[in-house]
Amino acid sequence: MLKYKIDVLATLKEKGYNTNKIRKEKIMGEAMLQKIRNGEMVSWSVFEKLCDLLDCQPADLIEYVKE
């Protein structure tokens, strides 16, 4: 099972991207923000955007945990 290593939304907020700014600047839609809030995985294009905004690698965001 893949899960987030960090609180993605809190980390975005630390970088100056609160949810209002993300929606207003059309960085990603509400559906993707809701998936992140719920701990659900998003598309690779959203991961690419997150990595760009947070200046990180995908492995900094997610990890595989055996069930």
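Colleague: Which residues does Met28 touch, not counting residues up to four places away in sequence?

Modeller: Met28 touches Ile22, Arg23, Leu33, Ile36, Val46 and Leu50, once residues up to four places away in sequence are set aside. Please keep in mind throughout that this is a predicted model.

Colleague: Where does Met28 lie, and is it buried or exposed?

Modeller: Met28 lies in the loop between helix 2 (19–24) and helix 3, and with a relative accessible area of 7% it is buried. The C-alpha atoms of Met28 and Leu50 are separated by 9.6 Å, although these two residues are 22 residues apart along the chain.

Colleague: How should I place that residue within the overall fold, and in what order do the elements of the protein chain run from the N terminus on?

Modeller: The protein chain has five helices and two strands, and from the N terminus on the order is β-α-α-α-α-α-β. Among contacts between residues at least 6 apart in sequence, 58% join residues at least 24 apart. The C-alpha trace spans about 40 × 25 × 20 Å along its principal axes, and the radius of gyration of the chain is 11 Å, which agrees with the value near 11 Å that a compact globule of 67 residues would have.

Colleague: Which residues of the largest nonpolar core touch the most other members?

Modeller: The general idea is that nonpolar side chains tend to be buried together in soluble globular proteins. Here the largest nonpolar core holds 19 residues, and those that touch the most other members are Tyr4, Leu12, Met28, Ile36, Phe47, Leu50 and Leu61. Two or more residues are given to this core by each of helix 1 (8–14), helix 3 (30–37) and helix 4 (44–54), and helix 4 gives the most, with six residues. As for Tyr4, leaving aside its neighbours within four places in sequence, it is in contact with Ile36, Gly39, Glu40, Met41, Val42, Phe47, Leu61 and Ile62.

Colleague: Which residues of helix 4 are buried, and why do they lie on the same side of helix 4?

Modeller: An α-helix has 3.6 residues a turn, so residues three or four places apart point the same way. In helix 4 the buried residues are Val46, Phe47, Leu50, Cys51, Leu53 and Leu54, and because they cover an arc of only 165° around the axis, they are placed on the same side of helix 4. On the other side of helix 4, Trp44, Ser45, Glu48 and Asp52 are exposed.

Colleague: What do the buried residues of helix 4 pack against?

Modeller: They pack against strand 1 (2–4), helix 1, helix 3, helix 5 (58–61) and strand 2 (62–64).

Colleague: Turning to charged side chains, how many salt bridges does a search of the whole structure find?

Modeller: Side chains of opposite charge can pair when their charged atoms come close. The search of the whole structure finds two salt bridges. In one, the side chains of Arg23 and Glu30 meet at 2.7 Å, N to O, and in the other the side chains of Arg37 and Glu30 meet at 3.0 Å, N to O.

Conventions:
Residues are numbered from 1 along each chain as its sequence is written. This is a predicted model: local features need pLDDT of at least 70, side-chain atom pairs count only at pLDDT 80 or more; totals for chains, interfaces and linings use all residues. Side-chain values use heavy atoms; hydrogens and water are left out. A nonpolar core is a set of buried Ala, Val, Leu, Ile, Met, Phe, Trp, Tyr and Cys residues joined through side-chain atoms within 4.5 Å. Buried means under 20% relative accessible area, exposed over 50%, partly exposed in between (1.4 Å probe, protein chains only). Helices (H or I, at least four residues) and strands (E, at least two) are DSSP runs, numbered from the N terminus. Contact means heavy atoms within 4.5 Å. The arc is that of the directions from the helix axis to the C-beta atoms. The radius of gyration is taken over C-alpha atoms; the globule rule is 2.2 Å times the number of residues to the power 0.38. A salt bridge is a side-chain nitrogen of Lys or Arg within 4 Å of a carboxyl oxygen of Asp or Glu.
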